[in-house]
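I opened this model to look up how the chain is put together. My entries follow in the order in which I made them.

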Amino acid sequence: AEALRIGGESTLDNIPIVARATAASNSGAARGKVIAVTGRASAVRPEGSYLVGTLTTDSGPVYWVTPFATRPPPATVVRFRGVFVQRFASATQSSDGQPPSLVLVGAFSQDP
């Protein structure tokens with residue numbers, strides 16, 4: 001997140017892009033690569049100098065972190081482009097059989 005803050009959003013343009021399915025099936029191969037997701041942002045909160053939250057998508061939640069102060073508009077579909085960090089399974093996801101969520105560090109895009 002700090003490298004993105006210093007280098008700006010254009011930093012994401014210099015990182016290879018992978019499909020979201022690759023991150024879900026082979027997190028080792030996808031780690032450090034860019035994934036773009038579209039959904040509705042919720043649970044947005046500041047955490048130090050970053051904003052964190054959840055993006056609700058058709059294939060499950062995506063946790064995101066951004067060093068930029070831009071808050072996604074509530075109740076609208078937004079696009080987030082970020083570097084895949086890890087897969088995360090909460091106790092709720094584990095108990096109901098949902099696949100782990102993806103954790104991305106990046107920025108919101110103007111085009112959903």
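**Entry 1: strand pairing**

I began with strand 2 and strand 3, which run antiparallel and are joined by 7 bridges. Two strands pair here if DSSP finds at least two bridges between them. Helices (H or I, at least four residues) and strands (E, at least two) are DSSP runs, numbered from the N terminus. This is a predicted model, in which local features need pLDDT of at least 70 and side-chain atom pairs count only at pLDDT 80 or more, while totals for chains, interfaces and linings use all residues. Residues are numbered from 1 along each chain as its sequence is written, and side-chain values use heavy atoms, with hydrogens and water left out.

I noted that strand 2 and strand 3 make a hairpin, with 2 residues between them. Within this pair, G53 has W64 of strand 3 as its bridge partner.

Which way do strand 3 and strand 5 run? They are parallel, and 4 bridges join them. I found V62 opposite L102 of strand 5.

I then followed the whole sheet. The 5 strands close into a barrel in the order 1-2-3-5-4, with mixed pairing. On average, neighbouring strands of this sheet are turned by 50° against each other, direction ignored. The axes behind that angle are lines fitted to C-alpha atoms (for helices over the stretch in contact), and angles run from 0 to 180 degrees between N-to-C directions.

**Entry 2: the chain as a whole**

I counted 4 helices and 5 strands in the chain. From the N terminus on, the elements run α-α-α-β-β-β-β-α-β.

How much of the chain is buried? Of its 112 residues, 35% count as buried. Buried means under 20% relative accessible area, exposed over 50%, and partly exposed in between (1.4 Å probe, protein chains only). The accessible surface comes to about 6100 Å², and 54% of that belongs to carbon and sulfur atoms. Areas come from the Shrake-Rupley method with a 1.4 Å probe; for residues, only the protein chains shown count as cover.

I also looked at contacts (heavy atoms within 4.5 Å). Among those between residues at least 6 apart in sequence, 55% join residues at least 24 apart.

**Entry 3: the cores**

In soluble globular proteins, nonpolar side chains tend to be buried together. I looked for nonpolar cores, each a set of buried Ala, Val, Leu, Ile, Met, Phe, Trp, Tyr and Cys residues joined through side-chain atoms within 4.5 Å. The largest has 16 residues, of which I35, V37, L55, W64, F80, F84 and L104 touch the most other members. The elements that give two or more residues to this core are strand 1 (34-47), strand 2 (50-57), strand 3 (60-66), strand 4 (77-88) and strand 5 (101-109). A second, separate core has 6 residues, including L4, L12, F68 and V83.

I checked L55 in more detail. Leaving aside neighbours within four places in sequence, L55 has contacts that include V37, W64, V78 and F80. R79 and L55 are 24 residues apart in sequence, with their C-alpha atoms 9.1 Å apart in space. R79 is in strand 4 and counts as partly exposed because its relative accessibility is 26%.

Why does T66 count as buried? Its relative accessibility is 2%, so T66 falls in that class. T66 sits in strand 3, and its side chain reaches the backbone nitrogen of F68 at 3.3 Å. A polar contact is a pair of N or O atoms within 3.5 Å; within protein, one must be able to donate a hydrogen and the other to accept it, and residues adjacent in sequence count only if both atoms are side-chain atoms. Apart from neighbours within four places in sequence, T66 is in contact with Y50, L51, F80, G106 and A107.

S101, in strand 5, is buried with a relative accessible area of 2%. A polar atom of the S101 side chain lies 3.2 Å from the backbone oxygen of P61.

**Entry 4: two alanines**

A43 is in strand 1. I noted its positive phi of about 55°, although A43 is not a glycine.

Is A21 buried or exposed? A21 counts as exposed, because its relative accessibility is 56%. A21 belongs to helix 2 (residues 20-25). The C-alpha atoms of A21 and I35 are separated by 9.7 Å, and the two residues are 14 apart along the chain.
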